[in-house]
Structure formats: structure tokens, C-alpha cells
Amino acid sequence: VLDEFGGDAAYLTEMSPGAIACLLCAQEEELRDSMEALAETLVKSMAVSLYVSSTVSSLTDISRAWRQVRAMSRMDRSDAPALHWYGDLFQDDALYNFEYSVYMENKLRNSIAAGSAQATQEILQDLYRNNLKGSAQSDHILRLFAYDLYRLVNHLNITGEDEERASFLRELQSMLDAVMEDSRGFDAFYARIRDYCLHACALSQSRQQHNNNHDLIERVCQYIQENYADPSLAVSSIATAFHLSDKYLSQLFKEQTGSKISAFIEQKRIDLACRLLRSTTLSVSEVGAASGYALTHTFRVAFKRSLGVTPLEWKKVHGEENVASSSEQENERG
């Protein structure tokens, strides 16, 4: 838990064991009343100052409560020792109207995951308005709001790169410490959080677009696999089938696969032609037609461009029958 205190960790470790009194208040009204009565007694009998934080209900809340009372004690010019009481601060308190909740955290996380910059900005603006409304934006309120914003962003875990996120949180921790010292740094702190969230939105949107494009090209490849033996299959017919322009499909296919779509189709056809030449007695012209070539001449040109030899020369070396039929020789000469 001490790690969450950031720059205050050293200060805490140097304090004497009796310097802080931590009262964890339960929701039961009677127990809370008894805690409040005890605090009042301590204030009177020990002549100490009392600072009240928001409720501590788990270990992770302690660092937040510590920052809250630390911020208040810094503004107190009293020479009296400080009793740091981590207790209840009600929502209708005039000094602090922060409406942070798990709901808002999840809402912000979901808007970022969806890549919605507009929704993300609206959520942050709502948080700003709701938590600073009706106030003069006092140092006290700005500091409390700054720390809860820090905790909110820390919990989001919205970037895919751990190193990038760790670097940002270190920067934000430093900015938060500066706000605790001088609340005039709050606007820059808030702007950095907003920029970070919008950057995360852009990353999410980019990932979604990449995934969508990847899925699209996978479907295009499957379509080619099912239709490459059709002589009419071409970039234009595929683009029409997927309601895309020829140029966009070609560009996207090259980006996703590193290959031209026409080269991908031709490779499928040549692979089929090789299988047929190796394992059947079909003529060169018949193999070309079965592989998706309307003209035998086009097939021969494509085959030699791909493998460096003619279909008949390839069959003589790789075919199950090493001697081509006379009709095939005649077709090859033709």
C-alpha cells in the first residue's frame, strides 16, 4: 500500500509511530456516532487539530485518505499537533462534493475501449462540473479532486503497453505532488489526464480498425479460396462482392498480407495447376482451364513467369508420368 503514497512515502516512513491516528468507520450509524464522539474527545483532551477524510473501506483507500488530510493540514496555520482521522465525509458537505463511483470508472473505461473520444470528453467534463459545482474551487477541493482523478486513471489500465502506462503514471504522480504543494497546477494536471484518455481512445479505435480490417481480409482470402478456379475472378469482382472500391481493396490487402491481391490469386491457380500436372493425365490446356485460366496462352505465360519453365517442362520433371503424350507436346508447341 505504501507504494501508492508516491512522494509522501518517505515522509510517512520518517514519522513517529504515534503521529497518526486512523479510525476506520463502519456503515452502522451507532458505531459511526461513537467514532465521532471519540474524535471530539481526543480533540479536546489532547488539544489537537482534526482533519476528516472520505471513508476508508479497504487498504487501497488509505493512501487517498492520507493525501486528503495532508492537504488540509498544509492549509492549517494552527500550531496544534494534528490528529489525522480517516472517517466519513458526507456527499452534501459544502466543502467536498465529489461523486466518484465504480459506475463512473466503468463508464469511462468503456468509452475509451470503444474508442469514443466524444463520450470520453463528456464523462470527464461531467466529473469536473459535478465535483466543482457551486464552489469557489478552493485549494482544498482541487487537491481532493486531483487525487481522486489520479486514482481513477490509475485503475483504468487502458493502454496496452505496460512501459507507456508506467511512464505516464510516474509523470502524473509528479504532477499530483505538485498540485498538493500548489493547487494552481490543477488545470495542467486535469488537461494531462484528458489528453491521456483521448490518446487511449485513439489507440483503441486504431486497434479496432486493424482488427476489423484483418477480419475483412480473412473473409476476402476465404472468398478467393472458394472461387479462384473461376476465370472471371478478379480484383474488380471481389471488390464488388464486398462493396468496396478496387483501389481500397488492393491497398488494404497489400497492407494486411504484404502481397498484391492479383499475385495471391495467381499463386492459388498455379498451385492447383501443379497438383493437376503432377497427378492427372489432363492436357496443358485442360489444366489451365481447370485452374482458372480462360486462355491456354495466358496460363502458359503465368506458369512460366511463376516457376521459370513451361507447364509441359515442369510435368516432365515432376509428373507421375515422365513422358508427356504427343497431344500435350503438340499443345505445347502450339
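## Overall make-up

The protein chain has 15 helices and two strands. The model is a predicted one. Of its 334 residues, 39% count as buried. The accessible surface of the chain comes to about 18100 Å². Carbon and sulfur atoms account for 51% of that surface.

How do contacts link the sequence? Take the contacts between residues at least 6 apart in sequence. Among these, 67% join residues at least 24 apart.

## Helix H6

Helix H6 covers residues 139-156. Is H6 largely enclosed or largely open? Of its 18 residues, 15 are buried, so the rest of the structure largely encloses this helix.

At 1.5 Å a residue, its 18 residues should span 26 Å. The C-alpha atoms at its ends are 26 Å apart, so the two values agree.

## Where H11 meets H13

Two packed helices are described by the angle between their axes and the distance between the axes. Here the pair is helix H11, residues 261-279, and helix H13, residues 296-307. Their axes come within 10 Å and cross at roughly 95°. An angle of 65 to 115 degrees counts as roughly perpendicular, so H11 is roughly perpendicular to H13.

Which residues make the contact? From H11 come Glu266, Gln267, Ile270, Ala273, Cys274 and Leu277. From H13 come Phe299, Ala302, Phe303, Arg305, Ser306 and Leu307. By type, the residues of this contact divide into eight nonpolar, two polar and two charged.

An α-helix has 3.6 residues a turn, so residues three or four places apart point the same way. Keep that in mind when you look at the contact residues on each helix.

Thr310 lies in the loop between helix H13 and helix H14 (311-318). Is Thr310 buried or exposed? Its relative accessible area is 14%. Buried means under 20%, so Thr310 is buried.

Thr310 and Phe299 are eleven residues apart in sequence. In space they are 9.4 Å apart, C-alpha to C-alpha.

## His243, a loop residue with positive phi

His243 sits in the loop between helix H9 (235-241) and helix H10 (246-257). What is its phi? It is positive, at about 60°, although His243 is not a glycine. Most residues other than glycine have a negative phi.

His243 is exposed, with a relative accessible area of 72%. Thr310, also in a loop, is buried at 14%.

Note on methods. Residues are numbered from 1 along each chain as its sequence is written. This is a predicted model: local features need pLDDT of at least 70, side-chain atom pairs count only at pLDDT 80 or more; totals for chains, interfaces and linings use all residues. Side-chain values use heavy atoms; hydrogens and water are left out. Helices (H or I, at least four residues) and strands (E, at least two) are DSSP runs, numbered from the N terminus. Buried means under 20% relative accessible area, exposed over 50%, partly exposed in between (1.4 Å probe, protein chains only). Axes are lines fitted to C-alpha atoms, for helices over the stretch in contact, and angles run from 0 to 180 degrees between N-to-C directions. Angles under 35 degrees count as roughly parallel, over 145 as roughly antiparallel, 65 to 115 as roughly perpendicular and the rest as oblique. Contact means heavy atoms within 4.5 Å. Ala, Val, Leu, Ile, Met, Phe, Trp, Tyr, Cys and Pro count as nonpolar, Asp, Glu, Lys and Arg as charged, and the others, Gly among them, as polar. The expected span of a helix is 1.5 Å times one less than its number of residues. Accessible areas come from the Shrake-Rupley method with a 1.4 Å probe; for residues, only the protein chains shown count as cover.
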